[in-house]
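Good morning, and thank you for coming.

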Amino acid sequence: MGFYADSLNRISPSATIAVSTKARELKAQGRDIIGLAAGEPDFDTPQNIKDAAKRALDENKTRYTDVDGIPELKAAIVAKFRRENGLTYKPSQVSVGTGGKQVLYNALMCTINPGDEVVIPAPCWVSYADIVMLGGGKPVFAPTTIENGYKLTPAALDAAINAKTKWFLFNAPSNPSGAAYTEAELKALTDVLMQPKNAHVWVLTDDMYEHLLYDGLKFFTPAQVEPRLYDRTLTMNGLSKAYCMTGWRLGYGAGPEPLIKAMCKLQSQSTSNPSSITQWAAVEALNGPQDFIPKHNKIFKERRDLVVSMLNQARGLKCPTPEGAFYVYPSCAGAIGKVSKSGVTIANDELFATTLLEEEGVAVVHGAAFAMSPAFRISYATSTKDLEDACTRIQRFCGNLR
Ligand SMILES: Cc1ncc(COP(=O)(O)O)c(C=O)c1O
């Protein structure tokens with residue numbers, strides 16, 4: 001009998017965290033490294049949010065709170081859903097966790113039984129499949145294509161669903177592809193879920209990148225475009241990305257009360273409440289001025305355009321223009337099978353990424369980590385100068401492949 005739980009063997013460490021750690025290590029050794037692996041904005045947390053945290057400290061709001069959120073924060077979340085998404089929830093339908101990741105984790109752990117399936121459009125965020133597998137479930141990847149901008153089609157969704165499907169785990173704008181959907185495109189997907197044969201499938205929508213949309217695209221969430229899905233949808237969101245609060249650790253979800261209660265029960269036996277100080281900062285983030293978001297988006301859009309244009313000039317790469325988030329997901333199919341300057345045969349996208357890091361000092365995350373190959377993810381939430389430099393290095397790396 002081994003010491004470690006069998007469930008641990010079902011999962012791998014987060015690839016994005018692994019690449020970021022490796023890039024930091026190389027940098028610490030004095031190497032000239034540009035990290036494009038981390039999924040976090042390079043902007044600082046807005047001052048009014050930091051001030052709210054300082055106030056919370058000074059007012060000694062430093063004790064345990066209700067497990068799944070203080071009433072003031074739940075009220076701010078209820079107001080956010082009404083104001084921005086046209087969704088009506090009671091505070092008892094809201095759960096606050098230590099990051100969106102915990103909210104997802106809670107929801108899946110509370111509902112997955114061995115053999116249950118979760119349909120996930122691929123490419124997808126690294127953690128979804130591992131969390132499902134930790135719970136004994138089976139991730140079922142619904143494929144997308146680069147030609148369709150990595151957007152899921154209704155036919156691919158329908159084909160992935162069967163009697164064992166418990167959840168459809170949706171994420172748009174997407175990490176890693178940046179793909180976002182129009183209202184009509186999203187409605188076409190929710191129509192699939194409204195078919196009587198699919199009535200057992202619940203929707204877990206990860207709206208983490210809601211505010212990071214470009215080219216005038218408007219955000220919609222599944223329960224908004226199809227109100228009949230309200231009773232089987234968990235709408236998840238968080239402050240990490242749009243509010244530049246990755247280190248603060250705060251996410252939230254809203255859905256049917258029994259599910260929220262189950263999630264609270266699990267959280268009460270793991271982490272208990274998210275940091276009290278972070279919760280007070282979150283109240284300010286959601287209720288306070290939102291004007292920094294369009295300012296950041298203008299910069300993100302300029303960087304996106306720069307990166308897409310430069311990557312499409314690299315030999316063997318093909319990069320669609322995504323509508324949201326701060327990622328691009330170029331295909332490197334044209335580089336596979338070629339040999340690098342130092343003699344490495346680029347047999348797959350992992351070798352593409354590791355050789356690029358070794359030869360040119362650019363850290364990207366390989367597509368296999370996101371369940372769609374051969375490709376890689378670049379996070380353009382970094383300075384324009386570094387992006388220009390990194391893309392020039394990528395062009396040189398690709399140009400040197402023989
Ligand atoms: C799609 C997606 N969902 C959830 C998360 C988790 O965010 P949080 O920092 O709130 O845990 C991330 C973070 O990278 C993400 O990209």
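I begin with valine 328, which is buried because 25 other C-beta atoms lie within 10 Å of its own. A residue is called buried if 20 or more other C-beta atoms lie within 10 Å of its own, exposed if 12 or fewer, and partly exposed in between, with C-beta atoms placed from the backbone. Please keep in mind that this is a predicted model: local features need pLDDT of at least 70, side-chain atom pairs count only at pLDDT 80 or more, and totals for chains, interfaces and linings use all residues. Residues are numbered from 1 along each chain as its sequence is written.

Valine 328 is found in strand β9. Helices (H or I, at least four residues) and strands (E, at least two) are DSSP runs, numbered from the N terminus. What does valine 328 touch? Not counting residues up to four places away in sequence, valine 328 touches Gly178, Arg304, Val307, Val308, Leu311, Cys319, Pro322, Ile378 and Tyr380. Two residues are in contact here if their C-beta atoms, placed from the backbone, lie within 7 Å. Aspartate 66, in turn, is 262 residues from valine 328 in sequence and 39 Å from it in space, C-alpha to C-alpha.

β9 and strand β12 (residues 376-379) run antiparallel and are joined by two bridges. Two strands count as paired if DSSP finds at least two bridges between them. The sheet that they belong to is open, has three strands in the order β9-β12-β11, and is paired in the antiparallel sense. Its edge strands are β9 and β11 (365-366), each of which pairs on one side only.

Let me now step back to the whole chain. The chain has 14 helices and twelve strands. Its radius of gyration is 21 Å, close to the 21 Å that the globule rule gives for 402 residues, so the chain is as compact as a globular protein of that length. That radius is taken over C-alpha atoms, and the globule rule is 2.2 Å times the number of residues to the power 0.38. Along the principal axes, the C-alpha atoms fill a box of roughly 60 × 55 × 55 Å. Buried residues make up 51% of the 402 residues. Of the contacts between residues at least 6 apart in sequence, 72% join residues at least 24 apart.

How is the chain divided into domains? There is domain 1 (6-44 + 292-399) and domain 2 (63-287), with bounds that come from an automatic or database domain assignment. The C-alpha centres of the two domains lie 26 Å apart. Domain 1 brings 34 residues to the contact and domain 2 brings 32 residues. On the side of domain 1 that touches domain 2, α2 (15-28), α12 (292-312) and β9 (327-328) each supply at least two residues. The largest share of that side, five residues, comes from α12.

I turn next to strand β3 (residues 117-122). Six of its six residues are buried, so β3 is largely enclosed by the rest of the structure. Glu117, Val119 and Pro121 point one way from β3, and Val118, Ile120 and Ala122 point the other way. With strand β4 (residues 138-143), β3 pairs in the parallel sense over six bridges. Within that pairing, isoleucine 120 has phenylalanine 141 as its bridge partner, and valine 119 has valine 140. β3 also pairs in the parallel sense with strand β5 (residues 165-171), over three bridges; there, valine 119 stands opposite phenylalanine 168.

The buried residues of α6 are Val126, Tyr128, Ala129, Ile131 and Val132, and they pack against α2, α5 (100-111), β3, β4 and β5. Just after α6, glycine 136 takes a positive phi of about 90 degrees.
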